Amino acid sequence: MCRIGAIKSKNKIHPSLALKLMRSQQEGHDDSGFAFIMQDLGGLFENYKDLPLLSMAATIEGTRIVEDILQQIGFSRVMQWSVDINNKENLKIDAMPNYIFEVLQYPKSYKHATKEEKEELLIDTSLRIRQALDNTSSGFIYSFWPDTLTLKEIGSPKDIGTYFNLWEGNKDLVSSIITAQCRQNTNYDIVRYAAHPFFLEGYCGLVNGENTFFEKNKNYQKKLYKGYFGFESDSQCLLYTLHYVHKILGWPIQYFKHVITPLDYEQIITRKDSDVLLRIKAGLSSLEINGPNTFLGVTPKKELICVCDSKKLRPVVIGRDDNTVVMTSEVSGINDILPNRNKEEDIYPKENELILIKDDLAVEVWKQ
């Protein structure tokens, strides 16, 4: 099984906290990788929240290819964060030659563009970069979006933390939301794109478990939106469904649960909203999931969500204090980073619930 975690705080936090969250859960992963996404950035990125941040890993050739693409489109570099590498001997890590985290200014022609037009440009540019890197096997683009930084790596989480000097906190690389997973996607080929968390247009998702309706989901989602691509992991389908339900269709977030794990027909017909739920069950049946899994997500409104499969076959727990909320696979992880919380207030989500953590850390529980 994977081990996943999501941290949201009123204070800016460093990725070292995510590493510590995962450390006590190390028996639940296989030392094959570590990845994280930071959103609502502070530190060095505090003053660039409205500008897109490119996160990628590449060879020298891949770096040149991407620089050429960005220049052709009209992007210009505003700021670049240089990774402080600790390349000591015997580290278990499959490192790339270059890691690029740079803030870019939109092309001059987009000076008066709408938010929607800028978002479309970022998606199109991401797809173009991804295709160019894939064609030349020269790198990986993880995210290209404002206020978002992504790192995915193959190897031992402990050694990855050492390589990138992430074990010691600092005020330069911080954010209010960090999602992380220890373990690569060992059900399929070991590639960086398959590592959770996954990201699309401000939405983030990570899963502990598997989705046995992967092929059905994938074949349907490919027709829905150009941003639904890759599919290196069966878990990506849950992120794409969240994006589709909440952004494309514009439905309230609680309907995400009704789409991925719809109630039985006998349960639906007894409800006041049976007409709506029956339409969802019939019209979006190709987005239903199956198998043991827990999904943690982040919305563009800086909310955290948690949903489980219809039988609750994967563990998850939510702990909190006055300043921080943590969702993760095992309570031992929360004990490490929030030892003084009131443990009696810990939440163990049920199979028929969607847990929503608002931006102000208020907790809402939506029963299906």
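Strand E12 (residues 304-308) and strand E15 (residues 353-357) run antiparallel and are joined by four bridges; helices (H or I, at least four residues) and strands (E, at least two) are DSSP runs numbered from the N terminus. Across this pair, Ile-305 has Leu-356 in E15 as its bridge partner. Please keep in mind that this is a predicted model: local features need pLDDT of at least 70, side-chain atom pairs count only at pLDDT 80 or more, and totals for chains, interfaces and linings use all residues. Residues are numbered from 1 along each chain as its sequence is written, and side-chain values use heavy atoms, with hydrogens and water left out.

**The open sheet**
- Six strands make up an open sheet with antiparallel pairing, in the order E9-E10-E11-E12-E15-E16; two strands pair if DSSP finds at least two bridges between them.
- Strand E9 (198-200) and strand E16 (363-367) are the edge strands, each pairing on one side only.
- On average, neighbouring strands of this sheet are turned by 20° against each other, direction ignored.
- Helix H6 (residues 236-248) packs on the sheet, touching E9, E10, E11 and E12, where contact means heavy atoms within 4.5 Å.
- The direction of H6 makes about 140° with that of E10; axes are lines fitted to C-alpha atoms, for helices over the stretch in contact, and angles run from 0 to 180 degrees between N-to-C directions.

**The E13-E14 hairpin**
- Strand E13 (residues 317-320) runs antiparallel to E14, with four bridges joining them.
- The hairpin connects E13 to E14 through three residues.
- Met-327 in E14 stands opposite Ile-318.

**Helix H1**
- Ser-16, Ala-18, Leu-19, Leu-21 and Met-22 are the buried residues of helix H1 (residues 16-23); buried means under 20% relative accessible area, exposed over 50%, and partly exposed in between (1.4 Å probe, protein chains only).
- Their cover includes strand E1 (3-13), helix H4 (157-163) and strand E14 (324-328).
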